Every structure is written in C-alpha cells, then in structure tokens.
Amino acid sequence: MEELYKAIENKIREAGYSGVVNGEEIYDEICEEIEEKEVGSYIFMSKKEDNVLFEYKIDVMEEEFNLSYIDIHTPVSKYHVDFDA
C-alpha cells in the first residue's frame, strides 16, 4: 500500500501543488467517504487547513473504486491532478 500512497503524493506534486499532502490520509478519507455508497460516480469535497479545498471525483464499483481526479483549490490557484491519464 505504501507504493499507492507515494503514487498519490507524486501525482499531486507533479501537478505543481507544493502544500502538505499525505497519500495515506487521502486514501483513508476516500475509503471512509465511499463506505456503503452505491455503485456510481461521486464528487467529495474536503476542507484542509489554510483555506485549501480538495475535490475528489471517484467512481465506486462493486469491489473497488477509481480515483479519477483531485482538484485542489487554494486561495491563489487551482491544481488539477488527473489519475486517469
């Protein structure tokens, strides 16, 4: 799982975001949000510190999920992290 967490962090860094990110926390937050959700596509928003908002687009399937993208909204900029590319 450590590789997955690092992959999330690396994709976010590649998009240009320099704030604090923790792949494990992001993964755990997504798992918590999708628990008991029906199959379908969802957008979740999570407010972080310093007026930073993470917007997750997630496709929930029977036994797994796909993180399509994360949009990170900061007071100065917006970063788009595409996990399907």
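Reply: Happy to! A residue is called exposed when over 50% of its relative accessible area is open to a 1.4 Å probe, and buried when the value is under 20%. Keep in mind that this is a predicted model.

Me: Which exposed residues does the face of helix 1 turned away from its buried side carry?

Reply: That face carries Glu3 and Glu14. The buried residues of helix 1 are Tyr5, Ile8, Glu9 and Ile12.

Me: Why are the buried residues of helix 1 said to line one face?

Reply: Looking down the axis of helix 1, its buried residues fall within an arc of 90°, so they line one face of the helix. Their cover includes helix 2 (23-34), strand 3 (65-73) and strand 4 (78-82).

Me: What span is expected for helix 1, and what does it reach?

Reply: Helix 1 covers residues 2-14, which is 13 residues, and 18 Å is expected at 1.5 Å a residue. From first C-alpha to last it reaches 18 Å, close to that expectation. Just after helix 1, Gly16 takes a positive phi of about 105°.

Me: Why is Asp59 called buried?

Reply: Its relative accessibility is 18%, and the label needs a value under 20%, so Asp59 counts as buried. Asp59 is found in strand 2 (residues 52-60).

Me: What makes the pairing of the Asp59 and Ser68 side chains a polar contact?

Reply: The cut-off for such an N or O pair is within 3.5 Å, and the contact between the side chains of Asp59 and Ser68 is at 3.0 Å. The side chain of Asp59 also makes a polar contact with that of Lys57, at 2.8 Å.

How values were computed
Residues numbered from 1 in each chain as written. Predicted model: local features only at pLDDT ≥ 70, side-chain atom pairs only at ≥ 80, totals over all residues. Heavy atoms only, no water. Helix = DSSP H or I, 4+ residues; strand = E, 2+ residues; numbered from the N terminus. Expected span 1.5 Å × (residues − 1). Arc of directions from axis to C-beta. Contact = heavy atoms within 4.5 Å. Polar contact = N/O pair within 3.5 Å; in protein donor to acceptor, adjacent residues only side chain to side chain.
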